[in-house]
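Hello,

Here is the structure we talked about. Please have it open while you read the notes below.

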Amino acid sequence: MPAKLAAVVVDCPDPQALAPFYEALLAARRTREDADCVLLSPGPGQPDISLQRSEKYVRPDWVSGDPAQQLHFDLLVDDLDVAEQEVLALGGHLLDGSGKPIGYRVYTDPAGHPFCLVTPESFPAPNA
């Protein structure tokens, strides 16, 4: 029997501080929280995101790869320029070296996790 993805767990130094970024970016709501974990629900059909405190979290360096990223989100948007303005206003950063290619751009959240904004033409179809 295949498993169903229930949540993506993101290590970070302060879940309470990082939660507002993803709440606003994904229109997610908090469904559970304590000092060490915040569980966000972005909506039906999407896995929850669990922001989990890690005292040993080290911000990945996207350009040098040291330390390497372990995982990143691809977030589907209709308009990169509009979405970028929202990301920047929420405290995200466009990464050096990501340029402004057509179809995707690479950012970090306030804790340094890389993520991409992608448009439909750059994102592969499911099961492709």
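Start where helix 1 stops: just after the helix, Ala27 has a positive phi of about 50°. Please bear in mind that this is a predicted model.

Now the other end. Asp14 caps the N-terminal end of helix 1. One of its side-chain oxygens lies 3.2 Å from the backbone nitrogen of Gln16.

The length of helix 1 checks out. At 1.5 Å a residue, its 12 residues should span 16 Å, and the end C-alpha atoms are 16 Å apart, so the two agree.

Which residues of helix 1 are buried? They are Pro15, Leu18, Ala19, Phe21, Tyr22 and Leu25.

Four strands make up an open sheet, ordered 1-4-3-2, with mixed pairing. Strand 1 (7-12) and strand 2 (29-34) are at the edges. Each has a single partner strand, so one side of each has no neighbour in the sheet. On average, neighbouring strands are turned by 20° against each other, direction ignored.

Helix 1 (residues 15-26) packs on this sheet. It touches strand 1, strand 2, strand 3 and strand 4. The direction of helix 1 makes about 5° with that of strand 3.

Best wishes

Methods: Residues numbered from 1 in each chain as written. Predicted model: local features only at pLDDT ≥ 70, side-chain atom pairs only at ≥ 80, totals over all residues. Heavy atoms only, no water. Pairing = 2+ DSSP bridges. Helix = DSSP H or I, 4+ residues; strand = E, 2+ residues; numbered from the N terminus. Axes fitted to C-alpha atoms, helices over the stretch in contact; angles between N-to-C directions. Contact = heavy atoms within 4.5 Å. Expected span 1.5 Å × (residues − 1). Buried < 20%, exposed > 50% of the residue type's maximum accessible area, 1.4 Å probe, protein only. Polar contact = N/O pair within 3.5 Å; in protein donor to acceptor, adjacent residues only side chain to side chain.
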